[in-house]
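Hi there,

Here is the structure I promised to pass on. Could you have a look at it alongside my notes below?

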Amino acid sequence: MSGELRERSSLSRPRNGHVDGILNIDKPPGMTSMDVVRRVKRAIRQKRVGHGGTLDPIATGVIAICLGQATRMMDYLIEGTKEYRGMVELGVETDTYDNVGEVTATGDASSVTVQDVETALKAFRGTIRQVPPMYSALKRHGKRLYELARAGIEVERVARRIEVLGIELLDWTPPVVELKVTCGRGFYMRSLAHDLGQALGCGGHLKSLVRLRSGPFKVSEAMTLEDAEQSLADGTWRDSLHAPDAVVSHMGAAIVGRRLEETIRRGRPLPPGLRIIPSSRPGQHCRIYGTDGRFVAMMTFDTSLGQWQPKKVFNISY
């Protein structure tokens, strides 16, 4: 897709005060992800506001706040690759697996060497199975796990398959390990800290955490929450708003004519055998734009029918 077309499709102008787009915010410590959503919602005064992936209150870093129709792209953000920098303190375990919980056990980390840490980390790379912490937002029989944990109830959690694309040991200042982790959906840095401590035989917990990247959004390019609120209040939000399709900029794209655009907007599949991009793999996704540069839809390829099917159709005003 041409640079000119991408430029034209990049931002949604407000429609009766309504904004469609994504703000890349550096979450302050001590706030929940929903706290950030509520602050932005008050500033923009529109109902459809959400976030593309939870950050613990102790954590800082990238939280993508989706506005208007961009909230329909949150699942792509959640599925996207994340990058974290975390400090793991060895020798102390807590019930929350981080530094805000109650200490449950202590161990001697004085004999742990950097070679020991490097060796232990090998087991946490690639496709692994990880047990989520009790203090998490996952549900069991309609209850959040953290609600059960606060009530003194601990339930068995099933280990989940996750992808750890990379772990880099940034620093070793005993008893603190600094790590950089690149991972897929469902990964818990707190569980990694706990499990690493267990593997080293001394226990451990997550001391601090920064999300460096979520999908295409980087902390180095993020704005403060206060700046985001101010930009929404004074109308300068255009300078910091990302288009809804920025989340899927790494995926293939195609431009369709008016007739096919109308077919897609009605939620109908494209004719069998019509391949709008050269390669059509099972479950493949594709961004669709009109000839005017408008972001029309996300499509997915159904190999059983040999057709591109609309997955999400957008009606964003410019």
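Beyond its neighbours within four places in sequence, Leu165 is in contact (heavy atoms within 4.5 Å) with Thr81, Thr182 and Cys183. Please bear in mind that this is a predicted model, where local features need pLDDT of at least 70, side-chain atom pairs count only at pLDDT 80 or more, and totals for chains, interfaces and linings use all residues. Residues are numbered from 1 along each chain as its sequence is written, and side-chain values use heavy atoms, with hydrogens and water left out.

Leu165 sits in strand 10, residues 160-173; strands here are DSSP runs of E with at least two residues, numbered from the N terminus. Is Leu165 buried or exposed? Its relative accessibility is 56%, so Leu165 counts as exposed (the class means over 50% relative accessible area, buried means under 20%, and partly exposed is in between, with a 1.4 Å probe and protein chains only).

Strand 17 (residues 285-290) is another matter to look at: five of its six residues are buried, so the strand is largely enclosed by the rest of the structure. Strand 17 pairs (DSSP finds at least two bridges between the strands) with strand 16, residues 252-256, in the parallel sense over five bridges. There, Val256 stands opposite Gly290. Strand 17 also runs antiparallel to strand 18 (residues 295-302), joined by five bridges, with Ile288 opposite Ala297. Four residues lie between the strands of this hairpin, where Gly293 takes a positive phi near 90°.

Best wishes
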